[in-house]
Amino acid sequence: MDNPLYRQRAIQLREELVSDYFILWIWDEALGATGKPGQFYEIRALSSMANPQTVHAIPKLFKPISIYDNQGGRIGFMIKKVGPGTKALSRLRAGDTLELIGPCGNGFPLVTGKRILLLSGGIGYPPLWYLQKELINHNQIYWMHGGATGGDVFPCDEIWTEDGSIGRKGRVCDNLRQNILEYNIDTMYSCGPQGLLKNASQISAEMQILHYCSLEAYMACGIGVCHGCAVPIGSKEDWNYRRVCKEGPVFNSAEVMWELI
Ligand SMILES: Cc1cc2nc3c(=O)[nH]c(=O)nc-3n(C[C@H](O)[C@H](O)[C@H](O)COP(=O)(O)OP(=O)(O)OC[C@H]3O[C@@H](n4cnc5c(N)ncnc54)[C@H](O)[C@@H]3O)c2cc1C
Ligand code: FES
């Protein structure tokens with residue numbers, strides 16, 4: 001592949017988490033210096049010619065996966081097994097090879113001196129973990145996270161599950177208005193399923209909160225070529241399609257034309 005952002009790296013460590021989640025760690029100091037919170041890599045398990053069975057088991061498409069952590073080049077990807085691509089990644093072990101393209105996308109704008117609410121749902125958690133590490137020394141942060149079951153939740157300030165098995169029962173946006181008021185929030189960052197982002201955007205617009213959201217569009221090429229991930233961005237009078245993989249995935253929620261998505 002002649003893409004300058006393409007590389008292969010050995011997996012240093014694989015961590016098993018709850019349920020279907022796991023973390024793959026690679027080590028690359030130069031890459032660590034370039035990535036920022038909200039950016040992602042297109043990744044794929046390298047098929048092994050030494051083991052021809054795996055060649056057919058690994059899907060062709062690369063999968064967009066956010067940077068979960070970056071400790072000076074120790075880069076982590078926290079992944080949920082949902083389909084063939086992520087299942088192939090879940091079979092990788094330390095010493096196996098990962099194919100990567102990236103870092104891709106724009107990332108979250110970083111602020112200072114703000115009262116911040118982080119809002120994540122399900123697999124929206126990983127990019128916000130890296131984000132809170134970058135924001136925590138210069139801002140006050142309150143983090144709400146929601147998932148379908150106890151298998152979809154991770155450490156934060158306020159946990160919601162739809163089945164009530166851990167934390168509060170319901171959806172994470174159920175208490176959003178109250179928390180914005182209680183913690184005097186002026187800036188919000190969110191990542192999660194479209195329904196959550198849409199709901200949160202209505203609330204942030206009503207309450208006039210600056211809100212950056214990371215969209216989870218389905219991606220084919222992931223590098224700006226196919227336009228399959230385009231979403232309408234702008235105002236009613238003046239909007240255009242923007243590619244989630246290139247101009248995004250982070251947008252000011254006030255500029256996302258939610259009614260057209
Ligand atoms: C910018 C970005 C960052 C992401 N970061 C992470 C991450 O850090 N960790 C992680 O586990 N996942 C992340 N995802 C989601 C991940 O890319 C998908 O789960 C993965 O591509 C699914 O591939 P698959 O082959 O395993 O399953 P597929 O067969 O491709 O999909 C399985 C199911 O998930 C749905 N689906 C797949 N991709 C998406 C999507 N992007 N949005 C909504 N529904 C989808 C499909 O419609 C299908 O129902 C991210 C997605 C984007 C766009
Ligand atoms: S996925 Fe092809 S342009 Fe974004």
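Arg 14 counts as buried because its relative accessibility is 16%, where buried means under 20% relative accessible area, exposed over 50% and partly exposed in between (1.4 Å probe, protein chains only). This is a predicted model, in which local features need pLDDT of at least 70, side-chain atom pairs count only at pLDDT 80 or more, and totals for chains, interfaces and linings use all residues. Residues are numbered from 1 along each chain as its sequence is written, chains are lettered from A and ligands numbered from 1 in the order in which they are written, and side-chain values use heavy atoms, with hydrogens and water left out.

**Salt bridges**

- Side chains of opposite charge can pair when their charged atoms come close.
- The whole structure holds nine salt bridges, a salt bridge being a side-chain nitrogen of Lys or Arg within 4 Å of a carboxyl oxygen of Asp or Glu.
- Arg 14 pairs in this way with Glu 16, and the closest N and O atoms are 2.5 Å apart.
- Glu 16 counts as exposed, at 52% relative accessibility.
- Another salt bridge joins the side chains of Asp 152 and Lys 80, at 3.1 Å from N to O.
- Asp 152 sits in the loop between E10 and strand E11 (158–161) while Lys 80 belongs to strand E7, so this pair ties together parts that are 72 residues apart in sequence. Helices (H or I, at least four residues) and strands (E, at least two) are DSSP runs, numbered from the N terminus.
- Asp 152 is buried at 8% relative accessibility, whereas Lys 80 is partly exposed with a relative accessible area of 25%.
- Arg 168 and Glu 158 also meet through their side chains in a salt bridge, 3.8 Å from N to O.
- This pair links distant parts of the chain, with Arg 168 in strand E12 (residues 168–169) and Glu 158 in strand E11, ten residues apart.
- Arg 168 is partly exposed at 42% relative accessibility, and Glu 158 is buried at 7%.

- In domain 1, 21 residues are in contact with 18 residues of domain 2, contact meaning heavy atoms within 4.5 Å.
- The two domains bury about 1,600 Å² between them, with 66% of it on carbon and sulfur atoms. Buried area is the accessible area (1.4 Å probe) that two parts lose on being put together, summed over both.
- One salt bridge is found across the interface of domain 1 and domain 2.
- Lys 133 and Asp 69 meet through their side chains in a salt bridge, at 2.8 Å from N to O.
- On the side of domain 1 that touches domain 2, at least two residues each come from strand E4 (40–45), strand E5 (63–66), strand E6 (69–71), strand E7 (74–80) and strand E8 (97–104).
- The residues on that side of domain 1 are eleven nonpolar, five polar and five charged. Here Ala, Val, Leu, Ile, Met, Phe, Trp, Tyr, Cys and Pro count as nonpolar, Asp, Glu, Lys and Arg as charged, and the others, Gly among them, as polar.

**Helix H4**

- Helix H4 (residues 125–135) is largely enclosed by the rest of the structure, because eight of its eleven residues are buried.
- The buried residues of H4 include Tyr 125, Pro 126, Leu 128 and Leu 131.
- Cover for the buried residues of H4 comes from elements including E5, E6, E7, strand E9 (115–121), strand E10 (140–147) and strand E13 (187–191).

- Asp 28 lies in the loop between strand E3 (21–27) and helix H1 (29–34), and its relative accessible area of 9% makes it buried.
- A polar atom of the side chain of Asp 28 lies 2.9 Å from the backbone nitrogen of Leu 31.
- Not counting residues up to four places away in sequence, Asp 28 touches Arg 7, Arg 9, Gly 73 and Ile 75.
- Arg 242 belongs to strand E16 (residues 239–243) and is partly exposed at 34% relative accessibility.
- Leaving aside neighbours within four places in sequence, the residues in contact with Arg 242 are Cys 229, Ala 230, Val 231, Ile 233, Glu 247 and Phe 251.

Notes:
A polar contact is a pair of N or O atoms within 3.5 Å; within protein, one must be able to donate a hydrogen and the other to accept it, and residues adjacent in sequence count only if both atoms are side-chain atoms.
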